[in-house]
Amino acid sequence: MSNYILNIDNLTVKYGKISALNGVKLNVYEGEIIALIGANGAGKTSMLKAVSGMIPYGGNIEFQGKTLKNKAVHQIVSLGITHVPEGRRIFGNLTVNENLTIAAWGRKDNSGIKEDRSRVFKLFPRLMERIDQQSSTLSGGEQQMLAVGRAILTGGKLILLDEPSMGLSPIFVKEIFKVIKEINNDGATIILVEQNANMALQIANRGYVLETGSIKLSGSTEDLLNNPLVKEAYLGV
Amino acid sequence: MSELFNNFDKIIKKRLIISIIIFAAGMTLSLCIHQYNILDQYIQLVMMYVGINIILTLSLNLINGYMGEFSVGHAGFMAVGAYVSSMLSVRFFNNDIGQIVFPIVVLIGGICAGFVGLIVAVPSFRIRGDYLAIVTLSFNMIVKSGLENVDSVGGARGFLGMSRLTTLPWVMLWTFIAVWIIRNFVNSSYGRGVLSIREDETASSLMTVNTQKIKVRAFMLSSFFAGIAGALYAHLIQFISPRSFDLIKSTEMLIMVYLGGIGSIGGSILGASVYTILLELLRPLGIWRMVLMPLLLVILMIYRPNGIMGLREFSFFKPAIDRFLRNK
């Protein structure tokens, strides 16, 4: 764990006059799970959006030593950054199978796609049962499974997960987090944005606490879990 | 497992045979009708209208139905195809060769329309929203008033002199080609990209889909087929004028798309056929058919808001893998 996979330096994001992020610095090592926690409006989603090129930003973001500035979203994703956006955003009128097929759209390695496909079905047997079903008719949990399954099939080395637990029952949340850990064990680096700070810090290696656009705290998850500030504000202890 | 795959092979083989039979039967039938004048000339004419309208509807459905953008000026592309092919026929091949080079003339008409489609698409797909509707709307008007003011193509008086080269077999062949290409396009991985743009463009670009490129290419394919239809139309009526390609024509195409149902090949075929034939059947009513037709549409919108097929498809037009998955 010595190579940086992602380098964020002095990142600023502005929506009109309102600044969402001002001067954020963040490094991610290969193979880590990073938890990004913070209240609503702290800038967590903006940060992920900046990384995948969905919004313009100031400062610099480097992926594996190469700058991502001025690259289109699809180019950034093909470099190996997979972004699972907030609210899942599955293709509702298409079937589960079509959703998964589109996820591997830019990939040419057919054997790798096949492998990842069986990996998805092993992680989520439910998706195999629903393979020919229109995906808008899936339950919320199944839709989240599909969103994560798509991320696996897109095949990124770095996976950005925006609120994977949103609107899910506690059992589903546990299951999704278990899968995130498994994906990480298979070699992917993960940045996890979560409201559910307790769960996120339990599976992560390191964590960052964002507050109104800048990083308030960072460190190993044990430190954060024991930090009185974090305890009070985010863990509700 | 191997039994399943045998089954899959069987579906594909069966489908191939059915397609070949339908194609062969359609072509033979149309050739016979044309050669021996089995059917009344008028009925043959209506059949050709149906074929041309199917091509038009498919081409517009690719944009409005599969890609979820909104083009309202497809008659402009039809005009490009019609005028280019007519000019070629009249100016260069106004002799016996005309009959032989006719398919090439039609193809050139389509290709020119495709390139004009490229010019329209590049600026209008930079931003998502209603821009395409505005751009295509004005494009349609520009083409119409442009043609009205160019004397070498007849200006507002129109252009004539083409021989009647469009025959039932030709229309049949082009319709088969259009159905085949568009069906394979929307079911290819490229076409999946088109569908994902309709569903959620942001999510689609997060799956590495180059949405800009796909939108432009799909639009080119669509305008290509509109141009083909225009070329066939010009050599059927033997007279074209800017008025044949005004907004009313574009609206007619939209009606056929939404009548048949968006995002469906079967729907496009049904919509174009039903609309064309109904319009002919109601001809005895004279001007009243223009009252009855919208009324029928209103009724359709109330009871079948998605059109006849709306996002559904005959399983024949779906990829074989779908049925395979369903029967697994």
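Predicted model: local features only at pLDDT ≥ 70, side-chain atom pairs only at ≥ 80, totals over all residues.
In this structure, 24 residues of chain B are in contact with 24 residues of chain A, where contact means heavy atoms within 4.5 Å. Residues are numbered from 1 along each chain as its sequence is written, chains are lettered from A and ligands numbered from 1 in the order in which they are written, and side-chain values use heavy atoms, with hydrogens and water left out.

Let me stay with the interface. The size of an interface is often given as the accessible area lost when the parts come together. Chain B and chain A bury about 2300 Å² between them, with 66% of it on carbon and sulfur atoms; buried area is the accessible area (1.4 Å probe) that two parts lose on being put together, summed over both. Leu206(B), Met207(B) and Thr208(B) supply 32% of the area that chain B buries against chain A, more than any other three residues.

I turn now to charged pairs. Across the interface of the two chains there are 2 salt bridges, a salt bridge being a side-chain nitrogen of Lys or Arg within 4 Å of a carboxyl oxygen of Asp or Glu. Arg89(A) and Asp200(B) are joined by a salt bridge, at 2.8 Å from N to O. Over all chains, the count comes to 17 salt bridges. Within chain A, Glu32(A) forms one with Arg206(A), with the closest N and O atoms 2.6 Å apart. Which parts of the chain does this pair link? Glu32(A) lies in the loop between strand S2 (18-29) and strand S3 (33-38), and Arg206(A) in strand S9 (residues 206-211), 174 residues apart. Helices (H or I, at least four residues) and strands (E, at least two) are DSSP runs, numbered from the N terminus.

Finally, consider helix packing in chain B. Helix H3 (residues 74-92) and helix H10 (residues 247-260) of chain B pack at about 115°, with their axes 7 Å apart. Axes are lines fitted to C-alpha atoms, for helices over the stretch in contact, and angles run from 0 to 180 degrees between N-to-C directions. H3(B) and H10(B) are therefore roughly perpendicular, a term covering 65 to 115 degrees, whereas angles under 35 count as roughly parallel, over 145 as roughly antiparallel and the rest as oblique. The residues that make this contact include Met78(B) of H3(B) and Met253(B) of H10(B).
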